[in-house]
Amino acid sequence: MESKRHIHLGICPLSVVPVRHTPSQRSEMSSQLLFGETVEVLEEKGKQWCKIRASCDNFIGWVESNQLKAITPSEFERFNAHYAYSLELMQPVMGVDHFIPITMGARLPEFDGIRFRLGEVYYTFSGQAVVPGDFHPSADFILKLAKRYLNTPFLWGGRSPFGMDSPGLVQMVFQMAGFKVPREASAQIEIGDTIDFIENAQPGDLAFFENSQNRISHVGILMPDSKIIHCFGGVRIDKVDHYGIYDENRQVYSKRLRLIKRILPTIPRKNVLNEVPEVESSGVQAELF
């Protein structure tokens with residue numbers, strides 16, 4: 001794409017692209033675009049910067065113009081209606097004469113099970129992928145996705161296996177399961193149904209935590225046996241109770257519990273946090289591991 005060309009609608013043609021708070025390479029990275037995600041361009045600053053709104057979560061920020069590929073309104077509509085998510089931590093897609101490495105959560109526009117298209121170029125993808133809406137997501141599937149990110153290092157604004165923050169983990173996992181989740185924990189807490197007591201929580205529920213100023217600063221996904229998977233230093237599994245997250249290595253509470261929300265359907269059982277969720281017998285969910 002030539003830098004002089006004005007972009008109105010675009011798609012991310014690279015593995016991971018930083019979304020910054022202001023139009024400067026020195027500016028804080030507030031989020032990321034992954035390969036195949038589409039954007040609306042709200043404003044252009046010179047030839048180098050575009051202010052964008054990401055289609056996946058309506059997040060607004062600045063990206064470099066040469067890290068976007070312009071697409072037509074019809075392509076924008078098709079790419080947002082028909083796509084699959086890569087389930088591979090890292091997998092190259094093959095064009096005619098080049099490869100592009102893509103990460104877990106990347107979108108494959110108009111994927112037919114073997115190939116997808118980006119502009120005039122067709123790419124082949126041989127890894128595992130999932131099409132949103134093709135299955136009924138379960139807590140088992142959610143937790144299997146989340147555990148694929150284990151040991152991903154913490155990165156403020158990150159959304160990829162090379163670095164992510166706590167709301168980024170939650171967003172990517174639920175997004176691949178077919179749920180549209182906001183980018184930031186302070187917005188994620190507004191969705192779903194409130195669970196009054198942690199004893200009534202079930203695997204797959206979201207637990208939100210507050211800082212010393214009583215602001216929502218952290219989020220994680222509840223697991224069976226009173227555990228939680230979250231990103232704190234890196235994606236990890238810790239103990240959790242009515243007070244918060246307990247770090248067994250340091251023998252301290254690292255996060256203070258504020259609220260639990262449920263996005264998945266309720267499991268009609270008692271004490272579900274202490275039970276292992278059933279594994280689906282067919283489809284993508286059974287094949288994930």
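Predicted model: local features only at pLDDT ≥ 70, side-chain atom pairs only at ≥ 80, totals over all residues.
Residues are numbered from 1 along each chain as its sequence is written, and side-chain values use heavy atoms, without hydrogens and water. Local features need pLDDT of at least 70 and side-chain atom pairs count only at pLDDT 80 or more, while totals for chains, interfaces and linings use all residues.

**Exercise 1.** Determine whether Thr-103 and Phe-162 are buried or exposed, and state which residues Thr-103 contacts.

*Solution.* 
1. Buried means under 20% relative accessible area, exposed over 50%, and partly exposed in between (1.4 Å probe, protein chains only).
2. Thr-103 belongs to strand E10 (residues 99–103); strands (E, at least two residues) and helices (H or I, at least four) are DSSP runs numbered from the N terminus.
3. Thr-103 has 0% relative accessibility and is therefore buried.
4. Phe-162 sits in the loop between strand E15 (159–160) and strand E16 (163–164). Its relative accessible area is 56%, so Phe-162 is exposed.
5. With neighbours within four places in sequence set aside, the contacts of Thr-103 include Leu-89, Met-90 and Phe-162; contact means heavy atoms within 4.5 Å.

**Exercise 2.** Identify the residues with the most contacts inside the largest nonpolar core, and the elements that each supply at least two of its residues.

*Solution.* 
1. A nonpolar core is a set of buried Ala, Val, Leu, Ile, Met, Phe, Trp, Tyr and Cys residues joined through side-chain atoms within 4.5 Å.
2. The largest such core has 34 residues, and Tyr-149, Val-173, Phe-174 and Ile-221 have the most contacts inside it.
3. At least two residues of this core come from each of strands E8 (83–86), E18 (206–210), E19 (216–223) and E20 (227–231), and from each of helices H2 (139–148) and H3 (166–176).
4. Beyond four places in sequence, Ile-221 touches residues including Ile-142, Val-173, Phe-174 and Ile-229.
5. A separate second core of 17 residues includes Ile-11, Phe-35, Leu-108 and Phe-111.
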